[in-house]
Every structure is written in structure tokens, then in C-alpha cells.
Amino acid sequence: MSQSDSTDDDRDLVRAGYRPLFRRGLGGFAAFAAGFSYLSILTGIVQNFHLGYREAGPAFFWTWPVVFAGQLCVALCFAELARRYPYCGGVYAWAGRVGAPSLGWLVGWIYLASLVVTLAAVALAWQVMLPALWPGFQVLDTPARNAALLGVVLIALSTFLNVRGTRLLARVMAAGVVVELIAAVALIALLCGHAVRGPGVVLEARASAPGGGLGPFLAAAVMAAYVMYGFDTAGSLAEETVDPRRRAPRAILQALLAAAALGALLLIGALTSAPDLTDPLLSDGAGGLPYLIKGVLGDALGTVFVAAAALAVFVCTLAVHALAARTLFAMARDGATPFAGRLSRVHPEHRTPHTAAAAVGVLGCALLAFNSGYEQLMTALVCVSIVWTNLAYLLTTGALLVERLRSGPTPDSFLGRCGTPVNALAVVWGAALVVNIGWPREQLYGPEWYQRYGAALYTGALLIAGAVVYRTVRRSA
């Protein structure tokens, strides 16, 4: 990268009133890798296949393209915002510029909370995979406590890499993504090679699916929604990316498209190769896709792919941690958090938001400790975190739509004349997704009323806490 390139890239920061603090070292593939690492089909699908299958049987496959179509509208809006505002912080920075600064703060607060919960949730996935690779990973007798222990180790590694430098982090994520892409393609080929039925299986709705009608499919869509978010990661790394106005929008779309295509093929491969579609373990968290893979490919080969999934979890954790740290840093840089002076520091040598990364790591580990004693509440909180993520997305795309309707189309818009209809679809989709995921379903949240209505209760508590923090921050400003 030449000095003139660096100057051109940093000019947007100077105009926004920021000093360039990060080292620009991310190219196009590294930006893509950051987004794909977050989406990570070998994490999300492997971890949550049983949820979709339990609700709608083989036909739950169709929730995947539906969720993809909706999230693609959101990603197109984010690609436009990443081109217009190539700043650290992603949706926090975007919402505050197309809407009011107070809206940006609200979006940042909601999104940061969802990212911290997601960090802990992804780290818990090692419990699904590592003991299956080697019984020695089951250090503690209680699965919840062992999951917390493995998760703390994973977050500690992630914190170290997030503090040590963006280039090192990018290299690890890029290497992990290459392995995940190769493993995903190989797994799809092997599963399809062992097919015992045709792809028409995706038209079979399980007769025993609870609720009947559309209800099971709406519930099954939670699995796809759990995977297809976080594609905005490349936008949050804009200040560390070379030529971010061009590369960040592409990376956002490429990450979502690649994950959607590979995920669809993986689901078809799994459904066509499953030895017995009535096996109850396919709908059980103790079985699911890892159980199916081992049943089809055998223990030895199945273990190889479970190991690849464990690596994908590691890389996904890095990406979630990086996004959370940069969101917290961006808010602190604007004086929008308590302890803003410390949280907005950048390491003089490594050029990373080291204090913010460490703070996010501590918060993630605290949630893991909470999970060891209150596993069911943590499970509900993980579902609610998806509501929070998509609520932050909805507020951002909503603010962008209001701006469009007020000022009309701009000549250099990324979406051109399609901007308004695509933006409107993104808003309608986002509202529907928030309602659907937050719907009080016993099978997702629990049997008690306070569990079923966890989305509303947790979100209300988050907004009340946010109001207190916001008043505290404004008072000290």
C-alpha cells in the first residue's frame, strides 16, 4: 500500500473529525474472511440443525432461502452505508449518521449487548464438538460447567489475538476460512455421494411437527436466522481495510452469498444422506448434524469434519470478538460510554482497540459463568440476542429509508433506482423477523410464562439499563 493510498483512505476519517489510529492492512479477501468467519456455516448449522429439523422436519430447508432473501435486502442497504461511511463501528456509526446521534447510541447499545451474548454462545459450541473428538476435553462432570470452562479458554485465546494486532488476527481468520471452505465443500460432496434419497426430500414436512400449518416453519426459521447475520463485520473493520469504500461493500455481500450457497448445499446433502429421517436424535441437541455426519461417514471421517467445525467455532469467535470490540471502541471514541477515555485507547504498537477487546472478553466470560448455573436462562438469552441483532439492523435500515423518503435518491447511490424498494423490503423483513424470533414459543424459550416472554422482558430490561447508562453518559459529558 502506497502512502497516497493511505492518505486517500484516511481522508474520510479526517472529515468526520477522527484521527487515523489503526493500521490499514486488510485486503479484499481478509475483509471477506471477517464476514464469512462470523456467518460460519460449520458453526451455526452444525450447532443448530436440530432446531429446524425438530420444528418442521426435512421441509425446514425452505426457511433457508427465505431468510437469505430477506437478509440480502438488509445486506444491500449495509453495503451502501459501508460505502458512504467507511468508519469503525458498523451499524452504530451508520445509524447515527443517517438518523439522529441518539438513534446511533441506541443501535450501538442494543447491538453491543447482542454481540457479547453471541460471543458467549459461540464459545459454548466447543462443548458440542471437543468432547466428541476426545473424551479428555470433558474435564468437569457437569456439561454446563464444562461448556463454560472450554468457552473461557476460547475467549481468552480470542482476546489475546484481538489485542496482538489486526494483521495477525486477519491471517488466522483467513487461514481458518480457507480450511472451512475446503471442509464445507468436501463435506457437501461426501454427503451427496452417500445420498440414499433424492433432493425431493426437502418437500416432506414431518407429520408430527407441532402446531401444524405455517407455525412450524416460522419456528424453524430461527435456525437460519441464527446463522445469517454478522455480515456487516467487514464494514466495522473499515478503518483497518485498504480502499474500504470499494472493498467493504463487496465483502459484506460476498460473505452472505457464500454462506447462503454453501449452507443450502450442506442442508440438502445432510437430508438426502441421513440413514433414517425418523431418528429422534436428529431433533435433539445431543445428536443433530454431528450425529448425522458420523452416522453417514463413519467415526473416523466424521471426526475429521467435527474437528473442522471446532476450528470454525474458533475463527467465528475471533470475528464476533473483533466486531464487538470495535463497536465498543467506536462508541467510546464518541464519548458515548462510561470509561470512554480508557475504552477508546488504541495500543501504540499493535494498533488495536486493546482495552475494548479485553472488556468484551471479560463480559463474555462473565456470561459463561452465568451459564454454568442458569443454563436454561442463558439458552433463552441467546435466542433473545438474535432479536437484538435484528432490531439493531431494523433501526438502521429504517433510518436509511426515512432519509431516502425525505431527500430522494442520490446520484451515486450504491443501489441506484432500486434503493427505495430494496430498503423498504429490508424494513418490512426486519420487523417480521424480530416478531417471529421473539414470539413466545415454549420450545424455544421454556414452559413458564416468564421464559416464554423472555424476548419482551429481556429487551425491556436492556432498554431500561440503556436509558440509565445514556443519562449517566450525557450527565458526565
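Residues are classed here as nonpolar (Ala, Val, Leu, Ile, Met, Phe, Trp, Tyr, Cys and Pro), charged (Asp, Glu, Lys and Arg) or polar (the others, Gly among them). The model is predicted, with local features needing pLDDT of at least 70 and side-chain atom pairs counting only at pLDDT 80 or more, while totals for chains, interfaces and linings use all residues. Residues are numbered from 1 along each chain as its sequence is written, and side-chain values use heavy atoms, with hydrogens and water left out.

Pockets were located on a 1 Å grid over the protein atoms alone, as open sets of points where a 1.4 Å probe fits, with protein on both sides within 12 Å along at least five of seven lines; lining residues have an atom within 4 Å of a point. A volume is the space filled by probe spheres set on the points, which are joined across faces, edges and corners.

The largest pocket has a volume of about 1,000 Å³. Its lining comprises 39 residues, with Gln47, His50, Val128, Gly285 and Thr379 nearest the centre. Among the helices (DSSP runs of H or I, at least four residues, numbered from the N terminus) that give two or more residues to this lining are H3 (41–56), H7 (126–133) and H17 (375–407). The largest share, seven residues, comes from H17. By class, the lining has 23 nonpolar, 13 polar and three charged residues.

The second largest pocket holds about 640 Å³ of space and is lined by 24 residues, of which Trp109, Leu112, Ala113, Val116 and Leu363 lie nearest its centre. H6 gives the most to this lining, with six residues; H14 (299–333), H16 (354–373), H17 and H21 (454–476) each supply at least two. This lining has 23 nonpolar residues, one polar and no charged.
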